[in-house]
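User: Please take me through the nonpolar packing and the sheet pairing of the model shown here.

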Amino acid sequence: MSHNVDYWYWKNYLSKNEIIKLNKLIERDYDRQEPKELAAQNRVKSSDVLQIEYRKIKDKLNLLFEECYGVGLREFGYDLTPINDRSHLNFNIYSSKKQGQYESHYDSSNSDMYDVKLTCLINLSLKKYEGGKFEYLNTTWREIKELEKPGSVVMLKSHFHHRVMPVTSGERRTLANFMIGPRFR
């Protein structure tokens, strides 16, 4: 586990076996594809997104998310609302067949009550892939190499613009949790 001013990461948090089990569980029990009204607006996003309620995978990720919320408070100083069982997580599949990518965007909310404060990404890739670099913008574009290895986890300040570059070979998979809290003032 380590950190950077803009993001926090855990290398090799999940084993290959845990990654395989999570993929099977999500593919079997997901609730829906990402609703169109929640999808990226005015941005190229050529990935498949399956959404699954947290309660269905809670036993596999509870300790990780407890740690994420603790780090969000201690290291980022964010007042965060704990994840609830009905929260949906996004399972993103970026395939080279579609040149899977997600253009520059930031994660936010339309709510008057809360903001998305941190974005937590878990690399759940099963196959090797090329391309698909994850970058964020803080004066210049910077790659977050810590997310490249399957099983690794990154938490990024959601207000930073970030992007997934096109996957040119194979398939890149991530699970995203949008960590919310009271509106920034």
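**Cores and sheet**

Analyst: The largest nonpolar core holds 32 residues, and those with the most contacts inside it are Ile 57, Leu 61, Phe 65, Ile 122, Leu 124, Met 155 and Leu 175. A nonpolar core is a set of buried (under 20% relative accessible area, 1.4 Å probe, protein chains only) Ala, Val, Leu, Ile, Met, Phe, Trp, Tyr and Cys residues joined through side-chain atoms within 4.5 Å. This is a predicted model, in which local features need pLDDT of at least 70 and side-chain atom pairs count only at pLDDT 80 or more, while totals for chains, interfaces and linings use all residues. Residues are numbered from 1 along each chain, and side-chain values use heavy atoms, without hydrogens and water.

User: Which element supplies the largest share of this core?

Analyst: Among the elements that each supply at least two of its residues are helix H1 (16-29), helix H2 (58-74) and strand S13 (167-182), helices (H or I, at least four residues) and strands (E, at least two) being DSSP runs numbered from the N terminus. The largest share, six residues, comes from H2.

User: Which strands stand at the edges of the open sheet of four strands?

Analyst: The order is S6-S12-S9-S10, with antiparallel pairing, where two strands pair if DSSP finds at least two bridges between them. One side of each edge strand is left without a neighbour in the sheet, because each has a single partner strand; these are S6 (102-105) and S10 (140-143).

User: What is the bridge partner of Tyr 136 in S10?

Analyst: Strand S9 (residues 134-138) runs antiparallel to S10 and is joined to it by four bridges. In S10, the partner of Tyr 136 is Arg 142.

Notes: Buried < 20%, exposed > 50% of the residue type's maximum accessible area, 1.4 Å probe, protein only.
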